Amino acid sequence: MRIGQTDMAGNAGRILMCTALVSTLGITSVQAAQCYEDGLRAPIGYYQIPEARDGGSYNCEVIEPYRGDMNFTSKYEGSDSARNELNEDAYQAYLDATKTIRGFEKTVIAGADDYQVDGDGPAARDCVLENLDTWAQADALLPEEINHVGQAVRKWALAAAANAYLRVKLSSADSALDADRLNRIEAWFDQVANGVRGYYTDREPRKVNNHDYWAAWAVMATSVATEDCGHWNWSMSKFEEAMGQISSDGYLPKELSRQDRALEYLNYAMQPLTAIAVFAEVNGVSVHEQYGDGFATLAQNVVTGLDDSSAIEAITGYPQITDGLHTAWGLAWMRPWTETWGDLPGMNAFMTSYGPVKNTRLGGDIEFLYRVDPRWPTGRDPFPPGEIRIDF
């Protein structure tokens, strides 16, 4: 249902059972998963009303839409199947080609932080929406030519854009938003999400890795933004596929195959997997409980590896590259994990040392979004209120 429509049939009519969640690996589907059409929730922190501050005008930068093809060069160009040898020239070519798209990601998330965290008022909110609407009207990220690297770039951009949109939409009164503009943005999100799904559906099991998890996270954020149960169901099925990949000792074999970058990519995989799991919990699907042993063991292995990589080195046979892993954005997944399911040994020390954590593709200021339990109180109407203020 798009903004501005008035069909307000009973809640029961909006509840769709999320069937067809059995993954290609044959694992048990999530039980009692419900998709509340017109009522999918984000974590409670997304609804926080910003405290507007006085003074100063807001400088809005609108990023020119990217209109070219999306055949980009991989930074691992020339590497073998481990995809672990960085090609400096190829990486620079990649950075140059994707500069506009990455700038768009950072701009819309920064605008959401300006509005919701820093109190820059409606001008900051409108700047986020203006950027999204400009890209929507240009049919950006919907090229005729797109390779596998372009597919990766597109899903990351969708993850950032959908999160920025969720934040400003859910923390604003309906009367403050232009329905036509929101409809254009959501229709564009839907198109981009369909493109992401088209590429990452029915992939050969040997190819399924962290990219699929990021695709699932981008589409899940979109599902809440567009109130689309089809996108939600697809994301949940991809999450189950990921859970089915976890080995008995708590690792993701595809990420271990990255040799000296195994720890890097295990940690990278935990970012979207944690975000998906938290959104599922917020919507009443206890995936952590269902997959608790394997999922929690995977998380603990990553936390332990970040402190001492010797166990992963013993498994892979390679010393691990750890440069750049201990960062506020790289460890950002630990905050929503802790607030939702509690601290794992070693996790709090990392957040204390490297916080406050932020991550553009997970939503921006993660401390702001997840500094409280993200789940809605038991017994609350399944459709969260349009306005909420959280006191700390």
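A crossing of two helices is called left-handed if the near helix is turned anticlockwise from the far one by less than a right angle, and right-handed if clockwise. Keep that in mind for α3 and α4, whose crossing is left-handed. What you're looking at is a predicted model, where local features need pLDDT of at least 70, side-chain atom pairs count only at pLDDT 80 or more, and totals for chains, interfaces and linings use all residues. Residues are numbered from 1 along each chain as its sequence is written, and side-chain values use heavy atoms, leaving out hydrogens and water.

Back to that pair. The axes of helix α3 (residues 122–137) and helix α4 (residues 148–170) come within 10 Å and cross at roughly 140°. Those axes are lines fitted to C-alpha atoms over the stretch in contact, with angles running from 0 to 180 degrees between N-to-C directions. Helices here are DSSP runs (H or I, at least four residues), as are strands (E, at least two), numbered from the N terminus. From α3, Arg125, Val128, Leu129 and Leu132 meet Ala161, Ala164, Tyr165 and Val168 of α4, with contact meaning heavy atoms within 4.5 Å.

The sulfurs of Cys60 and Cys127 sit 2.1 Å apart. Cys127 is buried at 5% relative accessibility, while Cys60 is partly exposed at 33%; buried means under 20%, exposed over 50%, partly exposed in between (1.4 Å probe, protein chains only).

Methods. A disulfide is a pair of cysteine sulfur atoms within 2.5 Å.
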